[in-house]
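Let's take a walk through this fold together, from the overall picture down to a few individual residues. Please keep the structure open while you read.

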Amino acid sequence: MSEGTETADGEVGTVSLVGSGPGDPDLLTVKAAELIEEADVVLHDKLPGPEILGRIPEEKREDVGKRAGGEWTPQEYTNRRLVELAREGKSVVRLKGGDPFVFGRGGEEAEHLAEAGIPFEVVPGVTSAIAGPAVAGIPVTHRDHASSVSFVTGHEDPTKEESAVDWEALAATGGTIVVLMGVGKLPAYTAELRDAGLAGDTPVALVERATWPDMRVATGTLDTIVDVRDDVGIEPPAITVIGDVAATRDRVVEFLRNDGERGEGE
């Protein structure tokens with residue numbers, strides 16, 4: 001049995017799971033911009049960035065990222081709120097940073113909406129896993145350096161008994177490793193990669209707030225990047241790029257027009 005979906009007059013709202021891209025409003029898809037403009041309510045977290053959120057009238061924004069006191073809004077609340085608003089006949093946009101199905105919990109929300117009988121659509125966004133390194137001058141694949149790329153989360157569900165990320169296997173692939181939401185656990189997974197045999201002089205880059213006005217980039221190696229992070233003061237949201245492609249930035253950065261402030265490691 002699904003949860004009831006109809007309003008008193010029989011109208012049912014719709015939900016759009018929308019990716020906002022990495023944060024630059026110019027990187028919103030046309031469809032995303034149109035849906036945001038037409039929506040009755042936009043449920044968002046902080047990752048879409050201040051410029052995009054600033055364009056949405058305050059009266060139709062609902063922040064489901066952080067609440068007062070710094071606590072994260074439980075996913076269960078967000079799921080329930082999407083259903084409630086749709087039952088009221090509202091046109092709802094669930095706005096996420098990057099792409100809704102790349103570590104955005106969009107899959108969980110889609111399943112919940114389907115179980116409740118709520119019509120929904122998915123609007124892909126430019127994923128920050130690729131766009132973040134790109135605007136810093138780092139291609140995640142390169143014919144001379146990497147023919148594969150692995151995207152992993154640096155922030156798994158804390159209720160898991162053990163990590164689902166096999167760092168040993170990643171160290172053996174020889175390709176690029178892109179870690180999202182991995183600033184806090186940088187010391188842990190760089191140590192795991194070294195223990196798994198990845199060379200300490202492997203290039204690493206951190207891209208903070210990619211495409212935002214205050215974007216910053218810091219570079220180093222697997223051995224030095226934790227100290228670089230601390231010296232430069234890199235904070236979330238940031239993307240970690242591990243592999244030879246990270247060093248290609250040095251060859252293009254002088255001519256890179258969308259570069260952020262640069263912090264260098266040895």
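Accessible areas here come from the Shrake-Rupley method with a 1.4 Å probe. By that method, the surface of the chain comes to about 13,400 Å², and 48% of this area belongs to carbon and sulfur atoms. Please bear in mind that this is a predicted model.

**The chain as a whole**

The chain is built from nine helices and eleven strands. It has 266 residues, of which 48% count as buried. Contacts that span the sequence are well worth a look: among those between residues at least 6 apart in sequence, 70% join residues at least 24 apart.

**A pair of helices**

Now turn to helix 7, residues 186–195, and helix 8, residues 225–232. The axes of helix 7 and helix 8 are 9 Å apart, and the two helices pack at an angle of about 160°. Angles over 145 degrees count as roughly antiparallel, so helix 7 is roughly antiparallel to helix 8. The crossing of helix 7 with helix 8 is right-handed.

Which residues of helix 7 meet helix 8? From helix 7 come L186, P187 and T190, and they meet I225, V226 and R229 of helix 8. Sorted by class, this contact has four nonpolar residues, one polar and one charged.

**Backbone details in the loops**

The peptide bond between P236 and P237 is cis, with an omega of about -5°.

M181 sits in the loop between strand 7 (176–180) and helix 7. T211 belongs to the loop that links strand 8 (203–208) with strand 9 (216–221).

| Residue | Relative accessibility | Class |
|---|---|---|
| M181 | 40% | partly exposed |
| T211 | 13% | buried |
| T248 | 6% | buried |
| G98 | 4% | buried |

Why does T211 count as buried? Buried means under 20% relative accessible area, and T211 has 13%, so it falls in that class. M181, at 40%, counts as partly exposed, because that class lies between 20% and 50%.

T248 is found in the loop between strand 10 and helix 9 (249–252). What does T248 touch, leaving aside its neighbours within four places in sequence? Its contacts are G137, I138, P139, H142 and H145.

G98 lies in the loop between strand 4 (91–96) and helix 4 (106–116). Not counting residues up to four places away in sequence, G98 touches G19, S20, G21 and P22, as well as G125, V126, T127 and S128. Take S20 from that list: G98 and S20 are 78 residues apart in sequence, yet their C-alpha atoms are 5.5 Å apart in space.

To find these places in your viewer, you could begin with G98, which is buried at 4% relative accessible area, and then go to T248, buried at 6%. From there, move on to the contact between helix 7 and helix 8, where T190 and R229 are among the residues that meet. Finish at the cis bond joining P236 and P237.

How values were computed: Residues numbered from 1 in each chain as written. Predicted model: local features only at pLDDT ≥ 70, side-chain atom pairs only at ≥ 80, totals over all residues. Heavy atoms only, no water. Helix = DSSP H or I, 4+ residues; strand = E, 2+ residues; numbered from the N terminus. Buried < 20%, exposed > 50% of the residue type's maximum accessible area, 1.4 Å probe, protein only. Contact = heavy atoms within 4.5 Å. Axes fitted to C-alpha atoms, helices over the stretch in contact; angles between N-to-C directions. Parallel < 35°, antiparallel > 145°, perpendicular 65-115°, else oblique. Left-handed = near helix turned anticlockwise from the far one by under 90°. Nonpolar A, V, L, I, M, F, W, Y, C, P; charged D, E, K, R; others polar.
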